[in-house]
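Trainee: I have just opened this one and have not looked at it before. Can you walk me through it?

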Amino acid sequence: MPAVVEGRFCSDAAGPSCCLPCPQAEWLYPDNFKTMTKSANWINVIGLTCCVFLILSYAALPVSKTHRHYLSICLVLSVMVMQLAFVVPLGAKPNQCYNDITPNDMKTSGACAVSGSFILAGGWCGVMWVFLRALALHLQICWQYVLGNTFMYGAFAAGWGVPAIALTLALVFSGVSFRFGESCHINHKNSLADFWIPLLIFAGVTVIIQFATFGYCIKVYLQSLSDDSSTTNSSGLPSYSGSVRATLSPRQAYRRVRRVLELQWRGIVIVIIIIADVIFFAVVFVFLDDIEASLLKDPLKGKFWLVCLIEKNGDKNQCLDLAAPLVINESTVMAVLLLLSINGIWLLLLLGRRSMFTGWVELVRGKIKPNHEFVSADVGRFKDPVTPLSPAVQQPLKSTLKSGRETPDYFGREARYTSPSRSFSAPKPPTMVGWDDTRSHAMPGRSPSPYKMDPLSMNKI
């Protein structure tokens, strides 16, 4: 049979062998569980709309309005992939069951294959791109490394290549099927080895890098409190030691770190939110797999619940208390779905800027708003004799704009006056020098006094 036979929940604990009707979640959770899962899907529509707005803004508006960067663009695309997994079932309305006791899987339902692939790919892409953002921030703050093309190409290869390989392995060795809700999730078979453990390893490394960066920031701040250096400006000018980091005092290092944090705090918050969601999502589903695996090995754990269903003629509401130990509680599952649903909203709040909205207003007005200003016909025939700037003159102005692919140099070198190492000069206040009549042509024995000078005798010969 092409459907997921191992997805059935069958037991002979009550005597004759019997199977739980499909879909199983409707028997293990209250009646409002389906409504809540569909509500979470609609929240994903709002989050997807926010992501689409960000992508369109990055594509249509200049960098000065969006401050776009390839790390931000790829992170938004990753969240879009995850949210498409919950939006697709709203339009496809898939049938969760192959027959009365067997759920559909990716081989029997196209909607299941698409939604399950989006969930797996979105989870991996999200983890990889927050890992790369955390790594980029760590390199800039702790090592004062300016990201260039090498890091960018490596990020593209890792950010999209690793999820593609992981998705292929998960679909080949585990597969996806309807387990609860209208979106498909990875099956229990081999899921720890080919999906959950590698995903949690990258998530754990991301957390370690993030906390290492925070620890370095705290260290620099504490060192700056005890720094009594009189310098006030940071300098990137190399010294005779050949080390840029060696020329920085603790207070200067703190100013550099603070400048990066002020510019990158939105990205830091995004990394924390998404990595927390992914870890929570992974832990919940790993526990769900363990519970299902234990039930398959020892069906007697659900004996009292099955007997209750038989005695109550299939009225699940009277047996929900006995079903609670067999599944993850309803509030935890809904918390996972809601946290995944609002990631797009978080992206708009943290990566979106007010200048994006003003930029769209300016863009629309510049294209469709008519010019109502009165212009004389003579003015239209007049040619301005002033020639525009040549491209050679305009080039330096254009070179200052970032294309969105280059990482800004947050540690840009600032010029400051440095006293030469063998200079003994120093500014001094003016001093009063005594009058020496032997070194001047003045009359000896009398010191000129500015208060007793006769202005009438100054011009006498």
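Mentor: Start with a term: a residue is buried under 20% relative accessible area, exposed over 50%, and partly exposed in between, with a 1.4 Å probe and protein chains only. This is a predicted model, where local features need pLDDT of at least 70, side-chain atom pairs count only at pLDDT 80 or more, and totals for chains, interfaces and linings use all residues. Residues are numbered from 1 along each chain as its sequence is written, and side-chain values use heavy atoms, with hydrogens and water left out.

Trainee: OK. Is Gln 83 buried or exposed?

Mentor: Gln 83 counts as buried because its relative accessibility is 0%.

Trainee: Where is Gln 83 found?

Mentor: In helix 4, which covers residues 70–92. Helices (H or I, at least four residues) and strands (E, at least two) are DSSP runs, numbered from the N terminus.

Trainee: And what does Gln 83 touch?

Mentor: Leaving out residues up to four places away in sequence, Gln 83 touches Asn 44, Gly 47, Leu 48, Cys 51, Leu 340, Ser 341, Asn 343 and Gly 344. Contact here means heavy atoms within 4.5 Å.

Trainee: Let's zoom out. How many helices and strands are there in the protein?

Mentor: The protein has 15 helices and four strands. It has 461 residues, and 40% of them count as buried. Take the contacts with a separation of 6 or more: residues 24 or more positions apart account for 78% of these.

Trainee: Which residues of the largest nonpolar core touch the most other members?

Mentor: That core has 87 residues, and the ones touching the most other members are Tyr 29, Val 76, Phe 180, Phe 195, Trp 196, Trp 305 and Leu 347. A nonpolar core is a set of buried Ala, Val, Leu, Ile, Met, Phe, Trp, Tyr and Cys residues joined through side-chain atoms within 4.5 Å.

Trainee: Take Val 76. What does Val 76 touch?

Mentor: Cys 51, Leu 54, Ile 55, Tyr 58, Leu 347 and Leu 351, again not counting residues up to four places away in sequence. There is also a second, separate core of nine residues, including Ile 141, Cys 142, Ala 253 and Val 257.

Trainee: Different topic. What is the count of disulfides?

Mentor: The count is three, taking a disulfide as a pair of cysteine sulfur atoms within 2.5 Å. Cys 22 and Cys 97 form one, with their sulfur atoms 2.1 Å apart. Cys 22 lies in the loop between strand 2 (18–19) and helix 1 (25–28), and Cys 97 in the loop between helix 4 and helix 5 (110–142), so the pair ties together parts that are 75 residues apart in sequence.

Trainee: What does Cys 112 join to?

Mentor: A disulfide joins Cys 112 to Cys 184, S to S 1.9 Å. Cys 112 is in helix 5 and Cys 184 in strand 4 (residues 184–186), so this pair ties together parts that are 72 residues apart in sequence. With -120° about the S-S bond, the link is left-handed. Cys 112 is buried at 0% relative accessibility.

Trainee: And Cys 308?

Mentor: Cys 308 forms a disulfide with Cys 319, their sulfur atoms 2.0 Å apart. Cys 308 lies in helix 9 (residues 303–311) and Cys 319 in the loop between helix 9 and helix 10 (320–323), so the parts tied together are 11 residues apart in sequence.
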